[in-house]
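Here is a short briefing on one protein model. Look over the sequence and the structure, then work through the topics below.

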Amino acid sequence: MALHKGPEKQEQRPMSVNPFFGEANPVGGMTEAPPTHRLPDSPLPPQTAYQLVHDELMLDGNSRLNLATFVTTWMEPQAGVLMGECRDKNMIDKDEYPRTAELERRCVAMLADLWNAPDPSAAVGCSTTGSSEACMLAGMALKRRWAKRNADRYPGARPNLVMGVNVQVCWDKFCNFWEVEPRLVPMEGDRYHLDPQAAAELCDENTIGVVGILGSTFDGSYEPIADLCAALDALQERTGLDVPVHVDGASGGMVAPFLDPDLVWDFRLPRVTSINTSGHKYGLVYPGVGWALWRDTESLPEELVFRVNYLGGDMPTFALNFSRPGAQVVAQYYTFLRLGREGYQAVQQTTRDVATGLSARVAELGDFRLLTRGDQLPVFAFTTADDVKAYDVFDVSRRLREHGWLVPAYTFPPNREDLSVIRVVCRNGFSADLAELFLEDLNRLLPQLRRQPHPLTQDKEKATGFHH
Ligand SMILES: *Cc1c(COP(=O)(O)O)cnc(C)c1O
(Lines give C-alpha, C1' and ligand atoms only; values in the text may rest on other atoms or scores of the structure.)
Protein backbone atom coordinates (compact mmCIF):
# COMPACT_ATOMS: atom_id res chain seq x y z
CA MET A 1 0.00 0.00 0.00
CA ALA A 2 1.00 3.61 -0.36
CA LEU A 3 3.56 4.57 2.21
CA HIS A 4 1.93 7.56 3.83
CA LYS A 5 3.55 10.43 5.64
CA GLY A 6 1.95 12.28 8.54
CA PRO A 7 -0.33 15.26 7.80
CA GLU A 8 1.08 18.63 6.80
CA LYS A 9 0.43 21.58 9.13
CA GLN A 10 -2.28 23.08 6.94
CA GLU A 11 -4.13 19.75 6.78
CA GLN A 12 -4.64 19.54 10.53
CA ARG A 13 -8.07 21.08 10.54
CA PRO A 14 -11.34 19.50 11.62
CA MET A 15 -13.74 18.05 9.08
CA SER A 16 -16.30 20.46 7.72
CA VAL A 17 -19.69 19.44 8.97
CA ASN A 18 -23.13 20.04 7.54
CA PRO A 19 -25.31 21.69 10.24
CA PHE A 20 -27.92 19.01 9.52
CA PHE A 21 -25.60 16.52 11.22
CA GLY A 22 -25.86 18.49 14.47
CA GLU A 23 -29.06 19.69 16.13
CA ALA A 24 -31.11 18.97 13.06
CA ASN A 25 -30.08 15.32 13.08
CA PRO A 26 -32.78 13.35 14.89
CA VAL A 27 -30.53 10.30 15.32
CA GLY A 28 -28.36 12.13 17.81
CA GLY A 29 -26.49 15.17 16.72
CA MET A 30 -22.92 16.18 16.59
CA THR A 31 -21.96 19.59 17.88
CA GLU A 32 -18.22 19.45 17.42
CA ALA A 33 -16.47 18.74 14.16
CA PRO A 34 -14.26 15.65 14.42
CA PRO A 35 -10.54 16.01 13.63
CA THR A 36 -9.21 14.46 10.41
CA HIS A 37 -5.79 13.20 11.48
CA ARG A 38 -6.18 11.93 15.02
CA LEU A 39 -8.82 9.82 16.70
CA PRO A 40 -11.83 11.87 17.82
CA ASP A 41 -12.20 12.01 21.61
CA SER A 42 -15.65 10.48 21.63
CA PRO A 43 -17.88 8.32 19.41
CA LEU A 44 -20.19 9.63 16.69
CA PRO A 45 -23.65 8.32 15.90
CA PRO A 46 -23.34 5.69 13.14
CA GLN A 47 -25.47 7.64 10.68
CA THR A 48 -23.28 10.73 11.05
CA ALA A 49 -20.06 8.75 10.71
CA TYR A 50 -21.47 6.99 7.67
CA GLN A 51 -22.48 10.25 6.02
CA LEU A 52 -19.08 11.86 6.61
CA VAL A 53 -17.19 8.94 5.08
CA HIS A 54 -19.68 8.52 2.26
CA ASP A 55 -19.50 12.19 1.29
CA GLU A 56 -15.70 12.16 1.22
CA LEU A 57 -15.65 9.12 -1.07
CA MET A 58 -17.96 10.83 -3.56
CA LEU A 59 -14.86 12.45 -5.05
CA ASP A 60 -13.31 9.12 -6.06
CA GLY A 61 -13.44 8.47 -9.80
CA ASN A 62 -16.09 6.55 -11.69
CA SER A 63 -14.46 3.16 -12.04
CA ARG A 64 -16.39 2.22 -15.18
CA LEU A 65 -14.67 5.08 -17.04
CA ASN A 66 -11.25 3.94 -15.87
CA LEU A 67 -9.44 2.52 -18.87
CA ALA A 68 -6.17 2.38 -16.93
CA THR A 69 -6.78 -0.54 -14.62
CA PHE A 70 -7.01 -4.25 -15.36
CA VAL A 71 -8.92 -4.88 -12.17
CA THR A 72 -12.58 -5.88 -12.12
CA THR A 73 -14.96 -3.00 -11.51
CA TRP A 74 -18.28 -4.74 -12.03
CA MET A 75 -19.74 -7.98 -10.72
CA GLU A 76 -23.26 -9.25 -10.57
CA PRO A 77 -25.33 -8.40 -7.49
CA GLN A 78 -25.44 -12.10 -6.53
CA ALA A 79 -21.66 -12.10 -6.25
CA GLY A 80 -21.92 -9.03 -4.03
CA VAL A 81 -24.43 -10.82 -1.80
CA LEU A 82 -22.18 -13.87 -1.45
CA MET A 83 -19.22 -11.66 -0.66
CA GLY A 84 -21.27 -9.88 2.00
CA GLU A 85 -22.19 -13.24 3.49
CA CYS A 86 -18.51 -14.18 3.71
CA ARG A 87 -17.03 -10.93 4.96
CA ASP A 88 -16.37 -12.39 8.42
CA LYS A 89 -14.64 -15.51 7.12
CA ASN A 90 -10.89 -15.68 7.56
CA MET A 91 -9.28 -17.72 4.82
CA ILE A 92 -6.50 -19.00 7.12
CA ASP A 93 -9.04 -20.49 9.52
CA LYS A 94 -9.48 -23.60 7.46
CA ASP A 95 -10.73 -25.66 10.36
CA GLU A 96 -13.49 -23.19 11.23
CA TYR A 97 -14.47 -22.66 7.60
CA PRO A 98 -13.83 -25.99 5.90
CA ARG A 99 -16.30 -25.30 3.09
CA THR A 100 -14.53 -22.07 2.13
CA ALA A 101 -11.28 -24.04 2.12
CA GLU A 102 -12.93 -26.65 -0.08
CA LEU A 103 -14.05 -23.99 -2.58
CA GLU A 104 -10.47 -22.72 -2.73
CA ARG A 105 -9.29 -26.28 -3.41
CA ARG A 106 -11.83 -26.67 -6.22
CA CYS A 107 -10.72 -23.39 -7.79
CA VAL A 108 -7.11 -24.65 -7.79
CA ALA A 109 -8.24 -27.91 -9.40
CA MET A 110 -10.25 -26.03 -12.05
CA LEU A 111 -7.25 -23.85 -12.89
CA ALA A 112 -4.92 -26.87 -13.08
CA ASP A 113 -7.35 -28.39 -15.57
CA LEU A 114 -7.77 -25.13 -17.48
CA TRP A 115 -3.98 -24.74 -17.74
CA ASN A 116 -3.53 -28.34 -18.87
CA ALA A 117 -1.54 -29.72 -15.97
CA PRO A 118 -0.44 -33.18 -17.19
CA ASP A 119 -1.58 -34.72 -13.92
CA PRO A 120 -4.09 -32.38 -12.26
CA SER A 121 -4.03 -34.43 -9.07
CA ALA A 122 -0.27 -33.78 -8.77
CA ALA A 123 -0.59 -30.02 -9.33
CA VAL A 124 -0.50 -27.82 -6.23
CA GLY A 125 -1.69 -24.27 -5.81
CA CYS A 126 -3.17 -21.65 -3.54
CA SER A 127 -5.11 -18.43 -3.56
CA THR A 128 -3.28 -15.17 -2.83
CA THR A 129 -4.21 -11.51 -2.49
CA GLY A 130 -3.33 -10.99 -6.13
CA SER A 131 -0.68 -11.76 -8.71
CA SER A 132 1.98 -9.85 -6.81
CA GLU A 133 1.83 -12.22 -3.86
CA ALA A 134 1.53 -15.17 -6.26
CA CYS A 135 4.70 -14.01 -8.08
CA MET A 136 6.56 -13.66 -4.76
CA LEU A 137 5.64 -17.24 -3.90
CA ALA A 138 6.56 -18.57 -7.34
CA GLY A 139 9.85 -16.65 -7.26
CA MET A 140 10.65 -18.01 -3.79
CA ALA A 141 10.03 -21.56 -5.00
CA LEU A 142 12.38 -20.97 -7.97
CA LYS A 143 15.04 -19.51 -5.72
CA ARG A 144 14.82 -22.32 -3.18
CA ARG A 145 15.02 -25.00 -5.86
CA TRP A 146 18.08 -23.33 -7.33
CA ALA A 147 19.69 -23.04 -3.85
CA LYS A 148 19.10 -26.74 -3.21
CA ARG A 149 20.56 -27.73 -6.57
CA ASN A 150 23.58 -25.55 -5.85
CA ALA A 151 23.97 -26.23 -2.15
CA ASP A 152 27.74 -26.58 -2.57
CA ARG A 153 28.09 -23.01 -3.92
CA TYR A 154 25.28 -21.18 -2.13
CA PRO A 155 25.31 -18.78 -0.24
CA GLY A 156 28.46 -17.71 -2.09
CA ALA A 157 26.82 -17.42 -5.49
CA ARG A 158 24.31 -14.69 -6.32
CA PRO A 159 21.06 -15.93 -7.89
CA ASN A 160 19.55 -14.13 -10.88
CA LEU A 161 16.18 -14.07 -12.62
CA VAL A 162 15.88 -13.46 -16.36
CA MET A 163 12.89 -11.55 -17.77
CA GLY A 164 11.86 -8.84 -20.19
CA VAL A 165 12.32 -5.20 -19.18
CA ASN A 166 8.54 -4.97 -19.58
CA VAL A 167 7.81 -7.04 -16.46
CA GLN A 168 5.28 -5.73 -14.00
CA VAL A 169 6.73 -3.96 -10.98
CA CYS A 170 6.05 -7.01 -8.76
CA TRP A 171 9.12 -8.71 -10.29
CA ASP A 172 11.33 -5.73 -9.43
CA LYS A 173 9.96 -6.07 -5.92
CA PHE A 174 10.66 -9.79 -5.82
CA CYS A 175 14.27 -9.26 -6.87
CA ASN A 176 14.75 -6.42 -4.43
CA PHE A 177 13.09 -8.07 -1.42
CA TRP A 178 14.64 -11.51 -1.95
CA GLU A 179 18.04 -10.31 -3.13
CA VAL A 180 17.98 -11.80 -6.57
CA GLU A 181 19.75 -10.04 -9.44
CA PRO A 182 17.25 -9.01 -12.14
CA ARG A 183 18.58 -9.68 -15.66
CA LEU A 184 16.42 -7.73 -18.05
CA VAL A 185 16.09 -8.27 -21.78
CA PRO A 186 15.67 -4.77 -23.25
CA MET A 187 13.11 -3.75 -25.87
CA GLU A 188 14.51 -3.39 -29.36
CA GLY A 189 12.92 -1.59 -32.33
CA ASP A 190 9.34 -2.81 -32.71
CA ARG A 191 9.82 -5.63 -30.21
CA TYR A 192 8.20 -4.48 -26.97
CA HIS A 193 8.67 -7.64 -24.93
CA LEU A 194 11.11 -10.45 -24.26
CA ASP A 195 13.11 -12.08 -27.03
CA PRO A 196 13.59 -15.84 -26.40
CA GLN A 197 17.12 -15.96 -27.77
CA ALA A 198 18.25 -12.91 -25.83
CA ALA A 199 16.71 -14.39 -22.67
CA ALA A 200 18.55 -17.70 -23.12
CA GLU A 201 21.82 -15.82 -23.61
CA LEU A 202 21.42 -14.10 -20.23
CA CYS A 203 21.11 -17.43 -18.39
CA ASP A 204 23.96 -19.01 -16.47
CA GLU A 205 24.39 -21.51 -13.64
CA ASN A 206 22.96 -18.96 -11.15
CA THR A 207 19.72 -18.37 -13.05
CA ILE A 208 16.79 -19.47 -10.89
CA GLY A 209 14.35 -19.20 -13.78
CA VAL A 210 12.99 -17.13 -16.65
CA VAL A 211 9.70 -15.24 -16.38
CA GLY A 212 7.47 -15.11 -19.45
CA ILE A 213 4.50 -12.76 -19.41
CA LEU A 214 1.10 -13.47 -20.86
CA GLY A 215 0.58 -10.64 -21.58
CA SER A 216 2.59 -7.55 -21.13
CA THR A 217 1.14 -4.70 -19.11
CA PHE A 218 2.87 -2.19 -21.39
CA ASP A 219 1.00 -3.05 -24.58
CA GLY A 220 -1.15 -6.16 -24.01
CA SER A 221 1.03 -8.42 -26.19
CA TYR A 222 1.63 -12.07 -25.36
CA GLU A 223 5.25 -13.05 -24.89
CA PRO A 224 6.26 -16.09 -26.99
CA ILE A 225 6.30 -18.66 -24.20
CA ALA A 226 6.66 -21.75 -26.41
CA ASP A 227 9.61 -20.16 -28.28
CA LEU A 228 11.14 -19.20 -24.95
CA CYS A 229 10.92 -22.83 -23.79
CA ALA A 230 12.42 -23.99 -27.09
CA ALA A 231 15.33 -21.56 -26.72
CA LEU A 232 15.93 -22.89 -23.20
CA ASP A 233 15.71 -26.49 -24.47
CA ALA A 234 18.46 -25.65 -26.95
CA LEU A 235 20.47 -24.02 -24.18
CA GLN A 236 20.17 -27.19 -22.11
CA GLU A 237 21.33 -29.29 -25.03
CA ARG A 238 24.35 -27.04 -25.53
CA THR A 239 25.34 -26.42 -21.93
CA GLY A 240 23.41 -28.79 -19.65
CA LEU A 241 21.75 -25.83 -17.87
CA ASP A 242 18.15 -26.72 -17.05
CA VAL A 243 16.33 -23.41 -16.48
CA PRO A 244 12.67 -23.51 -15.43
CA VAL A 245 10.05 -21.05 -16.71
CA HIS A 246 7.41 -19.26 -14.69
CA VAL A 247 4.52 -17.78 -16.65
CA ASP A 248 3.11 -14.54 -15.27
CA GLY A 249 -0.43 -14.94 -16.59
CA ALA A 250 -1.85 -12.16 -14.40
CA SER A 251 -4.19 -11.19 -17.24
CA GLY A 252 -3.67 -13.70 -20.04
CA GLY A 253 -4.04 -16.75 -17.79
CA MET A 254 -7.76 -16.06 -17.85
CA VAL A 255 -7.98 -14.92 -21.48
CA ALA A 256 -5.89 -17.30 -23.59
CA PRO A 257 -7.55 -20.56 -22.41
CA PHE A 258 -10.90 -19.28 -23.69
CA LEU A 259 -9.97 -17.28 -26.76
CA ASP A 260 -6.71 -18.87 -27.95
CA PRO A 261 -7.05 -22.57 -27.11
CA ASP A 262 -4.41 -23.50 -29.70
CA LEU A 263 -1.78 -21.20 -28.25
CA VAL A 264 0.58 -23.44 -26.25
CA TRP A 265 1.84 -21.43 -23.28
CA ASP A 266 0.86 -23.39 -20.17
CA PHE A 267 1.67 -26.70 -18.43
CA ARG A 268 1.59 -28.41 -21.83
CA LEU A 269 5.16 -27.10 -22.03
CA PRO A 270 7.24 -29.33 -19.72
CA ARG A 271 9.56 -26.44 -18.89
CA VAL A 272 6.72 -24.36 -17.39
CA THR A 273 6.85 -25.15 -13.68
CA SER A 274 4.49 -22.52 -12.31
CA ILE A 275 1.82 -20.06 -13.41
CA ASN A 276 0.05 -17.19 -11.68
CA THR A 277 -3.06 -15.23 -12.51
CA SER A 278 -5.06 -12.40 -10.95
CA GLY A 279 -8.56 -13.60 -10.13
CA HIS A 280 -9.42 -9.92 -9.88
CA LYS A 281 -8.41 -9.10 -13.46
CA TYR A 282 -9.85 -11.23 -16.28
CA GLY A 283 -10.87 -13.79 -13.63
CA LEU A 284 -13.72 -11.28 -13.22
CA VAL A 285 -13.72 -10.97 -9.40
CA TYR A 286 -13.55 -7.79 -7.30
CA PRO A 287 -10.05 -6.91 -6.00
CA GLY A 288 -8.29 -9.13 -3.53
CA VAL A 289 -7.66 -12.49 -5.19
CA GLY A 290 -4.91 -14.14 -7.21
CA TRP A 291 -3.73 -17.69 -7.83
CA ALA A 292 -0.39 -19.49 -7.95
CA LEU A 293 -0.06 -23.04 -9.29
CA TRP A 294 2.88 -25.44 -9.63
CA ARG A 295 2.80 -28.32 -12.08
CA ASP A 296 3.74 -30.87 -9.37
CA THR A 297 4.98 -31.13 -5.82
CA GLU A 298 8.63 -31.28 -6.93
CA SER A 299 8.29 -27.75 -8.31
CA LEU A 300 7.34 -26.41 -4.88
CA PRO A 301 9.95 -27.30 -2.23
CA GLU A 302 8.23 -28.90 0.73
CA GLU A 303 10.16 -26.83 3.27
CA LEU A 304 8.42 -23.62 2.10
CA VAL A 305 5.05 -25.00 3.13
CA PHE A 306 3.86 -24.28 6.66
CA ARG A 307 1.47 -26.23 8.82
CA VAL A 308 0.10 -24.28 11.73
CA ASN A 309 -2.23 -25.67 14.31
CA TYR A 310 -3.06 -22.50 16.29
CA LEU A 311 -6.54 -22.43 14.86
CA GLY A 312 -7.13 -26.18 15.01
CA GLY A 313 -6.42 -28.53 12.13
CA ASP A 314 -3.12 -28.48 10.30
CA MET A 315 -3.83 -27.72 6.66
CA PRO A 316 -0.60 -26.93 4.78
CA THR A 317 -0.36 -23.30 3.62
CA PHE A 318 1.96 -21.31 1.40
CA ALA A 319 1.35 -17.58 1.72
CA LEU A 320 2.94 -14.32 2.80
CA ASN A 321 -0.09 -13.21 4.79
CA PHE A 322 -1.70 -15.04 7.65
CA SER A 323 -5.28 -13.72 7.90
CA ARG A 324 -7.09 -12.91 4.66
CA PRO A 325 -10.70 -12.47 3.66
CA GLY A 326 -12.50 -15.52 2.28
CA ALA A 327 -15.08 -13.53 0.31
CA GLN A 328 -12.98 -13.13 -2.85
CA VAL A 329 -12.24 -16.82 -3.07
CA VAL A 330 -15.94 -17.57 -2.74
CA ALA A 331 -16.67 -15.00 -5.44
CA GLN A 332 -14.10 -16.68 -7.71
CA TYR A 333 -15.76 -20.04 -7.23
CA TYR A 334 -19.16 -18.45 -7.88
CA THR A 335 -17.89 -16.92 -11.14
CA PHE A 336 -16.35 -20.22 -12.30
CA LEU A 337 -19.60 -22.00 -11.56
CA ARG A 338 -21.76 -19.26 -13.02
CA LEU A 339 -19.94 -18.80 -16.33
CA GLY A 340 -18.29 -22.09 -17.09
CA ARG A 341 -16.02 -22.31 -20.12
CA GLU A 342 -18.67 -21.06 -22.52
CA GLY A 343 -19.57 -18.12 -20.33
CA TYR A 344 -15.94 -17.03 -19.93
CA GLN A 345 -15.43 -17.47 -23.63
CA ALA A 346 -18.42 -15.25 -24.42
CA VAL A 347 -17.40 -12.54 -21.94
CA GLN A 348 -13.75 -12.43 -23.03
CA GLN A 349 -14.64 -12.55 -26.74
CA THR A 350 -16.97 -9.58 -26.32
CA THR A 351 -14.23 -7.68 -24.54
CA ARG A 352 -11.73 -8.54 -27.27
CA ASP A 353 -14.23 -7.44 -29.93
CA VAL A 354 -14.62 -4.10 -28.19
CA ALA A 355 -10.82 -3.72 -28.00
CA THR A 356 -10.10 -4.62 -31.64
CA GLY A 357 -13.09 -2.58 -32.86
CA LEU A 358 -12.01 0.49 -30.91
CA SER A 359 -8.34 0.20 -31.87
CA ALA A 360 -9.33 0.04 -35.55
CA ARG A 361 -11.40 3.20 -35.17
CA VAL A 362 -8.56 4.98 -33.38
CA ALA A 363 -6.24 4.05 -36.25
CA GLU A 364 -8.74 5.47 -38.77
CA LEU A 365 -8.53 8.90 -37.12
CA GLY A 366 -5.17 9.28 -38.85
CA ASP A 367 -3.36 11.02 -36.00
CA PHE A 368 -2.25 7.85 -34.26
CA ARG A 369 -0.10 4.77 -34.83
CA LEU A 370 -1.12 1.54 -33.10
CA LEU A 371 1.52 -0.57 -31.36
CA THR A 372 -0.98 -3.32 -30.58
CA ARG A 373 -4.56 -3.94 -31.66
CA GLY A 374 -6.16 -5.62 -28.64
CA ASP A 375 -6.21 -9.03 -30.32
CA GLN A 376 -4.15 -10.70 -27.57
CA LEU A 377 -5.03 -9.16 -24.23
CA PRO A 378 -8.00 -6.88 -24.91
CA VAL A 379 -5.59 -4.02 -24.37
CA PHE A 380 -4.02 -1.75 -26.96
CA ALA A 381 -1.36 0.92 -26.98
CA PHE A 382 -0.93 3.72 -29.47
CA THR A 383 1.26 6.72 -30.01
CA THR A 384 1.00 9.84 -32.13
CA ALA A 385 1.85 9.51 -35.83
CA ASP A 386 5.23 10.84 -36.93
CA ASP A 387 3.77 13.97 -38.56
CA VAL A 388 1.86 14.97 -35.41
CA LYS A 389 3.95 17.75 -33.85
CA ALA A 390 1.34 19.93 -32.15
CA TYR A 391 0.51 17.62 -29.27
CA ASP A 392 1.69 14.41 -27.62
CA VAL A 393 0.11 11.43 -25.86
CA PHE A 394 0.35 13.20 -22.51
CA ASP A 395 -1.85 16.02 -23.85
CA VAL A 396 -4.39 13.47 -25.09
CA SER A 397 -4.45 11.71 -21.71
CA ARG A 398 -4.86 15.01 -19.84
CA ARG A 399 -7.65 16.28 -22.10
CA LEU A 400 -9.56 12.98 -22.01
CA ARG A 401 -9.61 13.31 -18.24
CA GLU A 402 -11.77 16.41 -18.66
CA HIS A 403 -14.42 14.08 -20.05
CA GLY A 404 -14.05 11.63 -17.15
CA TRP A 405 -11.89 9.09 -19.00
CA LEU A 406 -8.83 7.78 -17.20
CA VAL A 407 -6.34 6.69 -19.85
CA PRO A 408 -2.68 6.60 -18.86
CA ALA A 409 0.17 7.87 -21.01
CA TYR A 410 3.71 6.75 -20.22
CA THR A 411 7.18 6.33 -21.65
CA PHE A 412 8.62 2.92 -22.49
CA PRO A 413 11.64 1.35 -20.75
CA PRO A 414 15.09 0.68 -22.33
CA ASN A 415 15.83 0.63 -25.25
CA ARG A 416 12.68 2.49 -26.30
CA GLU A 417 12.63 5.39 -23.83
CA ASP A 418 12.00 7.59 -26.87
CA LEU A 419 8.54 6.10 -27.22
CA SER A 420 5.52 7.41 -25.29
CA VAL A 421 2.18 5.70 -25.57
CA ILE A 422 -1.40 5.74 -24.43
CA ARG A 423 -2.87 2.46 -23.25
CA VAL A 424 -6.52 1.45 -23.28
CA VAL A 425 -7.51 -1.55 -21.15
CA CYS A 426 -10.89 -2.97 -22.13
CA ARG A 427 -12.72 -4.92 -19.46
CA ASN A 428 -16.09 -6.52 -19.08
CA GLY A 429 -18.39 -3.56 -18.41
CA PHE A 430 -16.65 -1.30 -20.96
CA SER A 431 -19.28 -1.93 -23.59
CA ALA A 432 -19.30 -1.17 -27.29
CA ASP A 433 -21.60 1.76 -26.43
CA LEU A 434 -19.11 3.20 -23.96
CA ALA A 435 -16.34 2.65 -26.52
CA GLU A 436 -18.37 4.69 -29.01
CA LEU A 437 -18.70 7.53 -26.50
CA PHE A 438 -14.95 7.36 -25.83
CA LEU A 439 -14.23 7.64 -29.53
CA GLU A 440 -16.61 10.58 -29.91
CA ASP A 441 -14.86 12.41 -27.07
CA LEU A 442 -11.43 11.69 -28.55
CA ASN A 443 -12.59 12.81 -31.97
CA ARG A 444 -14.01 16.05 -30.57
CA LEU A 445 -10.69 16.90 -28.90
CA LEU A 446 -8.57 16.43 -31.99
CA PRO A 447 -9.24 19.79 -33.75
CA GLN A 448 -8.24 21.64 -30.55
CA LEU A 449 -5.17 19.49 -30.05
CA ARG A 450 -4.06 20.02 -33.65
CA ARG A 451 -4.25 23.79 -33.16
CA GLN A 452 -1.82 23.73 -30.22
CA PRO A 453 1.49 25.49 -30.97
CA HIS A 454 3.40 22.56 -29.43
CA PRO A 455 2.84 19.83 -26.83
CA LEU A 456 1.64 21.49 -23.63
CA THR A 457 2.00 18.96 -20.85
CA GLN A 458 4.74 19.94 -18.42
CA ASP A 459 7.34 17.30 -17.65
CA LYS A 460 6.25 17.08 -14.05
CA GLU A 461 2.68 16.27 -15.10
CA LYS A 462 3.81 13.36 -17.24
CA ALA A 463 3.11 9.99 -15.74
CA THR A 464 6.20 7.85 -15.53
CA GLY A 465 4.58 4.48 -15.94
CA PHE A 466 1.33 2.85 -15.08
CA HIS A 467 2.06 -0.78 -14.68
CA HIS A 468 -0.93 -2.40 -13.08
C1 LIG B 1 -1.31 -6.84 -12.71
C2 LIG B 1 -0.12 -7.61 -12.95
C3 LIG B 1 0.65 -8.07 -11.87
C4 LIG B 1 0.32 -7.72 -10.44
O5 LIG B 1 -0.93 -8.26 -10.12
P6 LIG B 1 -1.82 -7.83 -8.88
O7 LIG B 1 -2.92 -8.82 -8.95
O8 LIG B 1 -2.26 -6.42 -9.14
O9 LIG B 1 -0.98 -7.95 -7.65
C10 LIG B 1 1.75 -8.86 -12.15
N11 LIG B 1 2.08 -9.15 -13.42
C12 LIG B 1 1.36 -8.73 -14.48
C13 LIG B 1 1.77 -9.12 -15.86
C14 LIG B 1 0.24 -7.95 -14.27
O15 LIG B 1 -0.48 -7.53 -15.32
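Which backbone lies 2.8 Å from an oxygen atom of the ligand? A backbone N or O atom of Ser131 does. Keep in mind that this is a predicted model. The briefing begins at the ligand and then moves to other parts of the chain.

**Around the ligand**

- The residues surrounding the ligand include Gly130, Ser131, Ser132, Gln168, Cys170 and Ile213. Thr217, Asp248, Ala250, Ser278, His280 and Lys281 are also among them.
- Ser132 uses its side chain: an N or O atom there is 2.6 Å from an oxygen atom of the ligand.
- The side chain of His280 also has an N or O atom 2.6 Å from an oxygen atom of the ligand.
- On its own, the ligand has 380 Å² of accessible area, and the protein covers 92% of that.

**Asp248, a buried charge**

- Asp248 sits in strand E5, residues 245–248. Asp248 is also one of the residues around the ligand.
- Asp248 is buried, yet has no salt bridge. The nearest side chain of opposite charge is Lys281, 6.8 Å away.
- The side chain of Asp248 does reach the backbone nitrogen of Ala250, at 3.1 Å.
- Beyond its sequence neighbours within four places, Asp248 is in contact with Cys135, Trp171, Val211, Gly212, Ile213, Leu214 and Asn276.

**Backbone exceptions**

- Most residues other than glycine have a negative phi, and most peptide bonds are trans. The next points show exceptions.
- The peptide bond from Leu214 to Gly215 is cis, with omega near -15 degrees. Gly215 is in the loop between strand E4 and helix H7.
- The bond from Pro414 to Asn415 is cis too, with omega near -5 degrees. Asn415 lies in the loop between strands E12 and E13.
- Glu179 is not a glycine, but its phi is positive, near 55 degrees. Its place is the loop between helix H5 and strand E3. Is Glu179 buried or exposed? Glu179 is exposed, with a relative accessible area of 60%.
- Leu284 is not a glycine either, and has a positive phi of about 70 degrees. Leu284 lies in the loop between strands E6 and E7. Leu284 is buried, at a relative accessible area of 10%.

- Leu339 lies in helix H9, residues 327–364.
- Leu339 touches Leu284, Tyr344 and Val347, leaving out residues up to four places away in sequence.
- Arg338 forms a salt bridge with Glu76, with the closest N and O atoms 2.7 Å apart. Arg338 is in helix H9 and Glu76 is in the loop between helices H1 and H2, 262 residues apart, so the pair links distant parts of the chain.

**Helix H10, largely enclosed**

- Why is helix H10 largely enclosed by the rest of the structure? Seven of its nine residues are buried. They are Val393, Phe394, Asp395, Val396, Ser397, Arg399 and Leu400.
- The buried residues of H10 pack against strands E10, E11, E12 and E13, and against helix H11.
- Asp392 caps the N-terminal end of H10. One of its side-chain oxygens lies 3.1 Å from the backbone nitrogen of Phe394.

- Glu104 is in helix H3, residues 98–114. Glu104 is buried, with a relative accessible area of 11%. Its side chain makes a polar contact with the side chain of Ser127, at 2.5 Å.
- How many salt bridges does a search of the whole structure find? The search finds 21.
- Arg106 and Glu102 form one of them, their closest N and O atoms being 2.9 Å apart. These two are four residues apart in helix H3, so about one helical turn separates them.
- Arg106 is partly exposed at 31% relative accessibility, whereas Glu102 is buried at 16%.
- Arg450 forms a salt bridge with Asp367, with the closest N and O atoms 2.9 Å apart. This pair links distant parts of the chain: Arg450 is in helix H11, and Asp367 is in the loop between H9 and E10.

Note on methods: Residues are numbered from 1 along each chain as its sequence is written. This is a predicted model: local features need pLDDT of at least 70, side-chain atom pairs count only at pLDDT 80 or more; totals for chains, interfaces and linings use all residues. Side-chain values use heavy atoms; hydrogens and water are left out. Buried means under 20% relative accessible area, exposed over 50%, partly exposed in between (1.4 Å probe, protein chains only). Lys and Arg count as positive and Asp and Glu as negative; His and the chain ends are not counted. A salt bridge is a side-chain nitrogen of Lys or Arg within 4 Å of a carboxyl oxygen of Asp or Glu. A polar contact is a pair of N or O atoms within 3.5 Å; within protein, one must be able to donate a hydrogen and the other to accept it, and residues adjacent in sequence count only if both atoms are side-chain atoms. Contact means heavy atoms within 4.5 Å. A residue is near a molecule or strand if one of its heavy atoms lies within 4 Å of it. Accessible areas come from the Shrake-Rupley method with a 1.4 Å probe; for residues, only the protein chains shown count as cover.
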